Amino acid sequence: MSYISELRKYIGHQPIINIGATIIVLNDKNEILLNLRSDTDTWGIIGGGMELGESLEETAARELWEEAGLKAERFELLDVLSGGELFFRYPNGDETYTVIVLYKAVGVSGELRINDDESRCLQFFPLNALPELESRAEYVIGKIKDII
């Protein structure tokens with residue numbers, strides 16, 4: 001069971017601060033990899049919350065594998081994002097203020113494959129033709145479009 005799931009047993013849906021890694025994966029056409037989230041039915045960026053004892057790079061590697069079946073030779077730090085714009089209410093009522101440590105995956109290998117139940121689909125999109133995004137993904141892409 002995840003750290004956040006365990007924490008929720010005690011605090012219910014109350015707002016928490018959640019630190020996680022979000023990973024930008026670009027293909028050779030400079031398209032961004034997105035996942036169709038099973039909880040919100042919107043598109044998001046690969047990533048998730050840090051578990052106890054993990055480094056952020058370990059979180060990035062785990063999430064990239066779990067959500068996309070991919071591995072990276074390394075992760076390049078792009079930015080750290082936080083604040084009220086990253087408040088999120090999940091469909092089940094859980095509330096979180098997310099601190100996003102944003103990485104770009106470098107030297108990506110593997111076959112696209114979903115290894116968990118958090119995604120329904122994986123697809124690359126051009127940055128000028130994005131689908132309906134989950135609010136945090138929209139914020140992140142808006143912040144980093146010029147640097148990726």
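Visitor: Which residues are exposed on the other side of α3?

Guide: Glu-138 and Gly-142. This is a predicted model. Exposed means over 50% relative accessible area, so both residues pass that cut-off.

Visitor: What makes Arg-136 and Val-140 of helix α3 buried?

Guide: Buried means under 20% relative accessible area. Arg-136, Ala-137, Val-140, Ile-141 and Ile-144 are therefore under that value. They belong to α3, which spans residues 135-144.

Visitor: How do you know that they are on the same side of α3?

Guide: They cover an arc of only 130° around the axis, which puts them on the same side. An α-helix has 3.6 residues a turn, so residues three or four places apart point the same way.

Visitor: What do the buried residues of α3 pack against?

Guide: Strands β1 (16-24), β2 (32-37), β3 (43-45), β5 (71-81), β6 (87-89) and β7 (95-109).

Visitor: Which residues touch the most other members of the largest nonpolar core?

Guide: Ile-24 and Leu-34, in a core of 20 residues. Two or more residues come from each of β2, β3, β5, β7 and α3. Helix α3 gives the most, with four.

Visitor: Which residues does Ile-24 touch?

Guide: Among them are Ile-32, Ile-45, Leu-78, Leu-102 and Ile-144. Touching means heavy atoms within 4.5 Å, so each has such a pair with Ile-24.

Methods
Residues are numbered from 1 along each chain as its sequence is written. This is a predicted model: local features need pLDDT of at least 70, side-chain atom pairs count only at pLDDT 80 or more; totals for chains, interfaces and linings use all residues. Side-chain values use heavy atoms; hydrogens and water are left out. Buried means under 20% relative accessible area, exposed over 50%, partly exposed in between (1.4 Å probe, protein chains only). The arc is that of the directions from the helix axis to the C-beta atoms. A nonpolar core is a set of buried Ala, Val, Leu, Ile, Met, Phe, Trp, Tyr and Cys residues joined through side-chain atoms within 4.5 Å.
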